[in-house]
Amino acid sequence: MTTRTDLNLSMLPADGSAPIRWRISDTPVPYEEALAVMDAEVAAIADGRADELVWLLEHPPLYTAGTSADSKDLIEPDRFPVFSTGRGGEYTYHGPGQRVAYVMLDLKRRRQDVRAYVAALEEVIIRTLASMNVRGERREDRVGVWVRRPEKPPLPDGTVTEDKIAALGIRLRRWVSFHGLSINVDPDLTHFSGIVPCGISAYGVTSLEDLGMLVMMHDVDMRLREAFEELFGATSIDRG
């Protein structure tokens with residue numbers, strides 16, 4: 001069986017495509033506002049009225065429910081606002097200290113291959129972490145990026161404990177992607193306890209800070225951009 005690791009991970013565009021706009025918001029963006037912006041940008045990209053966009057931001061504390069979310073995984077429904085969203089996946093937490101990247105790309109200009117696209121986003125995260133000497137890994141039965149924690153007690157089956165450091169959830173409209181990925185830089189990890197993250201209770205959640213990496217968000221952004229350009233092509237700063 002072909003795994004995501006076996007796929008060709010390059011998602012470079014056809015020659016002559018404009019650079020991807022790279023936008024960074026310096027203050028937390030309300031979730032509903034972000035959804036409205038994404039809807040408008042995706043429509044413009046699909047119609048050929050706008051270039052592709054990657055939007056980096058943070059949200060106020062909130063939970064989102066993907067299309068596969070199970071209500072029993074929302075442990076504390078009154079803790080933070082909860083938003084139903086059209087992305088794939090289950091419950092996810094977003095909040096300060098977490099870098100969210102909303103990725104709006106026209107896959108018709110690249111490759112109309114959803115599995116390869118997801119694998120390429122995972123690879124961007126893995127390369128970003130590797131630049132900070134953190135080994136992130138993908139798992140075929142779990143979307144996202146994981147870190148082994150041998151210093152923690154093993155799982156009941158004797159395998160090494162793993163914690164999730166980055167999540168993915170995507171949606172396509174007219175072959176234009178939106179939603180995207182999140183990397184835990186230094187969020188309050190106790191905020192994840194109000195949900196079963198991504199419906200997986202056997203594993204924990206970690207962050208760069210939790211792993212002893214005290215890095216600034218702008219440094220993560222720089223490394224993320226470098227890794228992204230390797231797989232998706234050139235970017236240019238977008239002032240929004």
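Modeller: What follows is a set of questions and answers on cavities and on a helix pair.
This is a predicted model, in which local features need pLDDT of at least 70 and side-chain atom pairs count only at pLDDT 80 or more, while totals for chains, interfaces and linings use all residues. Residues are numbered from 1 along each chain as its sequence is written, and side-chain values use heavy atoms, with hydrogens and water left out.

Colleague: How many cavities of 30 Å³ or more does a search of the whole structure find?
Modeller: A cavity is a set of points, on a 1 Å grid over the protein atoms alone, where a 1.4 Å probe fits but cannot get out. Points are joined across faces, edges and corners, and a volume is the space filled by probe spheres set on them. With that cut-off, the number found in the whole structure is 3.

Colleague: Which element gives the most to the lining of the largest cavity?
Modeller: The largest cavity holds about 120 Å³ of space, and among its 14 lining residues (an atom within 4 Å of a point), those closest to the centre include Arg87 and His94. Strands (DSSP runs of E, at least two residues, numbered from the N terminus) that give two or more residues to this lining are E5 (91-94), E9 (162-173) and E10 (176-184). With 4 residues, the one that gives the most is E10.

Colleague: What space lies in the second largest cavity?
Modeller: Its lining has 13 residues, and the closest to the centre are Lys164, Ala167, Asn184, Phe192 and Pro197. E5, E9 and E10 each supply at least two residues of this lining. The space in the second largest cavity is about 80 Å³.

Colleague: Why is H2 called oblique to H3?
Modeller: Helices are DSSP runs of H or I with at least four residues, and axes are lines fitted to C-alpha atoms over the stretch in contact (heavy atoms within 4.5 Å), with angles from 0 to 180 degrees between N-to-C directions. Helix H2 (residues 114-130) and helix H3 (residues 217-232) pack with axes 8 Å apart, at an angle of about 140°. Angles under 35 degrees count as roughly parallel, over 145 as roughly antiparallel and 65 to 115 as roughly perpendicular, with the rest oblique, so H2 is oblique to H3.

Definitions and conventions:
On a 1 Å grid over the protein atoms alone, a cavity is a set of points where a 1.4 Å probe fits but cannot get out, and a pocket is an open set with protein on both sides within 12 Å along at least five of seven lines; lining residues have an atom within 4 Å of a point.
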